[in-house]
Amino acid sequence: MINADNKTKMLDEVKLTKYVDLIEKNPIHIASVNKSNKPNLSVASDIKVLDDKTILISNNEMIHTPDNILVNKNVVLTSFSDKWAGLRMSGIAKYYISGKYFKICNDLFNNETATPKGVIIIKIKKVEGIV
């Protein structure tokens, strides 16, 4: 499906593994909303595609996003290359400070420049893109 501007394409089947480089090698933006419907936009760079429908984002410095996810699990992510090829992904997020996903996050991203405070796991429901 192509919208009116003939640039944005709806990607019918979510297969994040097809876009691993685009998602993991570029900063990602995550939009969330608090209980008063005030939006927040954060940027993250420690990202891992876990499977065709799941993204892991390390929380190294985010302040509002984890709190927002606790009251509203709906999030939107964007990722763009330096040539402006990109994806907009909508999904359901959960925040963890321990357990299996937190261990995976620490194994991947805990180093001298970053120490994860928590991990955001997002099950992607919809993907739109300019690819």
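This is a predicted model: local features need pLDDT of at least 70, side-chain atom pairs count only at pLDDT 80 or more; totals for chains, interfaces and linings use all residues.
## Overall fold

The chain has 131 residues, and buried residues make up 42% of them. Its secondary structure comes to three helices and eight strands. Along the sequence, these elements run in the order β-α-β-β-β-β-α-β-β-α-β.

Of the contacts with a separation of 6 or more, 67% are between residues 24 or more positions apart. The accessible surface of the chain is about 7,900 Å². Carbon and sulfur atoms account for 53% of that surface.

Helix 2 covers residues 64–71. Its buried residues are Thr 65, Pro 66, Asn 68 and Ile 69. Viewed down the helix axis, these residues fall within an arc of 165°, so they line one face of helix 2. Asp 67 and Leu 70 are exposed on the other side of the helix.

Helix 3 spans residues 100–109. Here the buried set is Tyr 101, Phe 102, Cys 105, Asn 106 and Phe 109. Seen down the axis of helix 3, the buried residues lie within an arc of 135°, so they too line one face. The face turned away from that buried side carries Lys 100, Lys 103 and Asp 107, which are exposed.

## Thr 65 in helix 2

Thr 65 belongs to helix 2. Its relative accessible area is 0%, so Thr 65 counts as buried. Leaving aside residues up to four places away in sequence, Thr 65 touches Ile 30, Ser 32, Asn 40, Ser 42 and Ile 120. Asn 40 is 25 residues from Thr 65 along the chain, and the two C-alpha atoms are separated by 7.0 Å.

The largest pocket has a volume of about 180 Å³. By class, the lining has four nonpolar, four polar and two charged residues.

With a relative accessible area of 5%, Ala 44 is buried. Beyond residues up to four places away in sequence, Ala 44 touches Pro 27, Ile 28, Ile 57 and Met 62. Ile 28 is 16 residues from Ala 44 in sequence, with 5.3 Å between their C-alpha atoms.

## Pairs brought together by the fold

Glu 128 lies in strand 8, residues 118–130. Glu 128 is buried, at 15% relative accessible area. Ala 85 is in the loop between strand 6 and strand 7. Ala 85 counts as partly exposed, at 27% relative accessibility.

Most residues other than glycine have a negative phi. Which residues here go the other way?

Asn 37 has a phi near 65°, a positive value in a residue other than glycine. Asn 37 lies in the loop between strand 2 (28–33) and strand 3. Its relative accessible area is 61%, so Asn 37 is exposed.

Trp 84 also has a positive phi, near 70°. Trp 84 is found in the loop between strand 6 (74–80) and strand 7 (86–96). At 64% relative accessible area, Trp 84 is exposed. Ala 85 lies in that loop between strand 6 and strand 7 as well.

Methods: Residues are numbered from 1 along each chain as its sequence is written. Side-chain values use heavy atoms; hydrogens and water are left out. On a 1 Å grid over the protein atoms alone, a cavity is a set of points where a 1.4 Å probe fits but cannot get out, and a pocket is an open set with protein on both sides within 12 Å along at least five of seven lines; lining residues have an atom within 4 Å of a point. Grid points are joined across faces, edges and corners, and a volume is the space filled by probe spheres set on the points. Ala, Val, Leu, Ile, Met, Phe, Trp, Tyr, Cys and Pro count as nonpolar, Asp, Glu, Lys and Arg as charged, and the others, Gly among them, as polar. Buried means under 20% relative accessible area, exposed over 50%, partly exposed in between (1.4 Å probe, protein chains only). Helices (H or I, at least four residues) and strands (E, at least two) are DSSP runs, numbered from the N terminus. The arc is that of the directions from the helix axis to the C-beta atoms. Contact means heavy atoms within 4.5 Å. Accessible areas come from the Shrake-Rupley method with a 1.4 Å probe; for residues, only the protein chains shown count as cover.
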